[in-house]
Amino acid sequence: MSGREQVEDMWTMRSRKHWHRGSLASRLMPRACGGAAGFTFIEIMVVVAILAILAALVVPRIMGRTDDAKRTAAKVQIRNIEGALQLYKLDNGVYPSTEQGLKALVEKPSVGVVPKKWKIGGYIPKLPEDPWTNPYKYLSPSPKGEYEVISLGTDGEVGGEGINADITNWNLDKD
């Protein structure tokens, strides 16, 4: 019997109600149809063992990357805020003051120097929080330049090293 005939024979029906014994289909058919139901305990345990090995290899790689992913997300958000600040300055000639804060990108400022050409609808739809759910800090002028946008990082406190280090628009290219 050729390979094709064996496959066809495996799937042919002895009668309209019963599959041939020993075929793959008989393993998958419920007992009501006359087949041997399900898989053996050993087969299930082999599959569970394989899944456990795969999980043991993959999960640590994924779990260890969450801090890196959050730091990258913070850097992207800071770049987006920088873009909105540049548009604000193009329209109004100055950056928002520290007193006006980043809120000036969403709502027209009512304190400090009120901009005359503020864009209706704002420069960003809403103020993002950093990936650790803290608000971004904003200074203008800043000791480092015209403005500084700061995320306090994982620990939510000023300073820190490694994953706790602050992320600012002045250190986006570090790490």
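Here's a walk from the whole chain down to single side chains.

**Before you click**

You're looking at a predicted model, where local features need pLDDT of at least 70, side-chain atom pairs count only at pLDDT 80 or more, and totals for chains, interfaces and linings use all residues. Numbering starts from 1 along each chain as its sequence is written, and side-chain values use heavy atoms, with hydrogens and water left out.

**Whole chain**

Color by secondary structure: the chain has 4 helices and 3 strands, with helices (H or I, at least four residues) and strands (E, at least two) taken as DSSP runs numbered from the N terminus. Going along the sequence, the pattern reads α-α-α-α-β-β-β.

Now try a surface. The chain exposes about 12,100 Å², and carbon and sulfur atoms supply 61% of that; the areas are Shrake-Rupley values with a 1.4 Å probe, and for residues only the protein chains shown count as cover. Of the 175 residues, 27% count as buried, where buried means under 20% relative accessible area, exposed over 50%, and partly exposed in between (1.4 Å probe, protein chains only). Contacts here are heavy atoms within 4.5 Å; among those between residues at least 6 apart in sequence, 39% join residues at least 24 apart.

**Stop 1**

Select 137-139, 148-151 and 167-168. These make an open sheet of 3 strands in the order S1-S2-S3, with antiparallel pairing; two strands pair if DSSP finds at least two bridges between them. The edges are S1 (137-139) and S3 (167-168), each pairing on one side only. S1 and S2 (residues 148-151) run antiparallel and are joined by 3 bridges.

**Stop 2: the core**

Which residues touch the most other members of the largest nonpolar core? Pick Ile-81, Leu-85, Leu-102, Leu-105, Tyr-136, Tyr-138 and Val-149, out of 20 residues in that core. A nonpolar core is a set of buried Ala, Val, Leu, Ile, Met, Phe, Trp, Tyr and Cys residues joined through side-chain atoms within 4.5 Å. Helix H4 gives the most to this core, with 6 residues.

Center on Leu-85. Leaving aside residues up to four places away in sequence, Leu-85 touches Tyr-95, Pro-96, Leu-102, Leu-105, Tyr-138, Tyr-147 and Val-149.

**Stop 3: the salt bridges**

The count is 2 salt bridges, each being a side-chain nitrogen of Lys or Arg within 4 Å of a carboxyl oxygen of Asp or Glu. Select Glu-146 and Lys-89: their closest N and O atoms are 3.2 Å apart. Glu-146 sits in the loop between S1 and S2 and Lys-89 in H4 (residues 66-92), so the pair ties together parts that are 57 residues apart in sequence. Glu-146 is partly exposed at 46% relative accessibility, and Lys-89 is partly exposed at 26%.

Then hop to Lys-103 and Glu-107, whose side chains meet at 3.7 Å, N to O. Lys-103 is partly exposed at 48%, as is Glu-107 at 44%.

**Stop 4: Asn-169**

Buried or exposed: how does Asn-169 count? Find it in the segment after S3; at a relative accessible area of 10%, Asn-169 is buried. Its side chain makes a polar contact of 3.4 Å with that of Glu-82. For such contacts, N or O atoms lie within 3.5 Å; within protein, one must be able to donate a hydrogen and the other to accept it, and residues adjacent in sequence count only if both atoms are side-chain atoms. A polar side-chain atom of Asn-169 also lies 2.8 Å from the backbone nitrogen of Val-149.
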